[in-house]
Amino acid sequence: MTPFKDFYQYAESTRVIAGRDLLGSAGFEFQKEGARSVFVVTDEIIRGTGLVERVEAGVTDGGLEVAGVFDGVPQDSSTDVVERCAEAAKEAGADSFLAVGGGSVMDTAKVADAVFTHGGGAAEQEGFFLMPREDDGMGMPLPIAPLACIPTTAGTGSEVSMAAVIKDPERKVKLEIADFPLFPRLAILDPDSTRTLPASVAAATGMDAVTHAIEGYVSTEWSPHQDARSLQALRMIRDNLERAVQRGEEDEDARGNMLVAANLAITISLGSVHAMSHPAGAQFGVPHGVANAIHLPHVIEHNAAGGPEIADRYRDVADIFDVSEPEVGPALAAHLTRLIERLGLPTRLSQVGVPEEGIPALVEGAMGDGTTLLNPREMGEEDYTELYKRAL
């Protein structure tokens, strides 16, 4: 029987609209959130598909102005990109942000919005629940400019999350930022936004969603609210991920369902998979979804050996995938490894340019990552060293 927790908190404040042919209504919907002069944040690849122009048309059709477009977001965004984005929005006279892209684009828009609204630099936003508040920091958090998101990948779930992760290239770390004002006010889930998504990116971002759902379910900060979201997300991923990757443009239902699944899976209550993946991205440029796919099976096997209560949580996950072997850790890890291989993703760090001599720095990064504290099994340097070696 699931115990009643002594304490947990859960918040969700993003209005989500999902369905077909929604891009043209972006302006109509965003005006309900107070937007008037919209600054669009995207990347060069997305802009090159023509999707941004369609969104711009939807903004103006709704009676809003497009103040400008910033398309300089890289695959792995950084503090300097955030600051350039915020400055460009100020120069354009914008009063709101609309992110059209994947996790890097959405996280850039979030932190740029905070800098745009409150000033300071991107690195100053780092931390959990540290944004400006009324009553000398003890009251209601001060709002930031209206933010809407149109995700073009089905993975990060950043469009409904109060968290953002950006790289500090000087320190070679990923900054984790989370607070209630970072919840976007609007998320538009339209399968047409993922129509041109390459199979490899669909696979990697899909594994990011898998990781969010599983880590959210087994985290020390699990909650009945997130349990419901995580398990339903995993059911939808089970039924749709491989279809979305293999059939791509021709399977609109699978792509739409994956957008919803990623939206459900996201949580800031994560664990050691993310703790290992963040430094792999910061130090060696491993794409986040790929890093999660590599680390997930090893962390599952390690955690499930940490006691019957942890194993039981993983058993609930295994049941969704029809994995019923008594030793749930190795069995679930093997099942997911086979899935990752079918998706065409790498399964070893050595395949993505991580050298063995890089392990000590990765261990240091993982130990300093906030998600380590929420892993269901207590982690130390020796644990991370062994897991990185297994993943190599």
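So, at what angle do the axes of helix 11 and helix 15 cross? Roughly 130 degrees, and they come within 9 Å. Quick housekeeping before I go on: this is a predicted model, so local features need pLDDT of at least 70, side-chain atom pairs count only at pLDDT 80 or more, and totals for chains, interfaces and linings use all residues. Residues are numbered from 1 along each chain as its sequence is written, and side-chain values use heavy atoms, with hydrogens and water left out.

Back to the pair. Helix 11 is residues 288–304 and helix 15 is residues 381–391. Helices here are DSSP runs of H or I, at least four residues, and strands are E runs of at least two, both numbered from the N terminus. Axes are lines fitted to C-alpha atoms, for helices over the stretch in contact, with angles from 0 to 180 degrees between N-to-C directions. These two helices are therefore oblique to each other, that being whatever is left after under 35 degrees (roughly parallel), over 145 (roughly antiparallel) and 65 to 115 (roughly perpendicular).

Who touches whom? Ile294, His295, His298, Val299 and His302 come from helix 11, and Asp383, Leu387, Tyr388, Arg390 and Ala391 from helix 15; contact means heavy atoms within 4.5 Å.

Next pair: helix 7 (199–218) and helix 10 (272–284) also have axes within 9 Å, crossing at roughly 140 degrees. So that's oblique too. From helix 7, Asp208, Thr211, His212 and Glu215 meet Ser272, Val273 and His274 of helix 10.

Strand 7 runs antiparallel to strand 8 (173–178), with six bridges joining them. One to click on: Ala163 has Ala178 in strand 8 as its bridge partner.

Zooming out, the chain has 15 helices and nine strands. Its C-alpha atoms fill a box of roughly 60 × 50 × 45 Å along the principal axes.

Methods
Two strands pair if DSSP finds at least two bridges between them.
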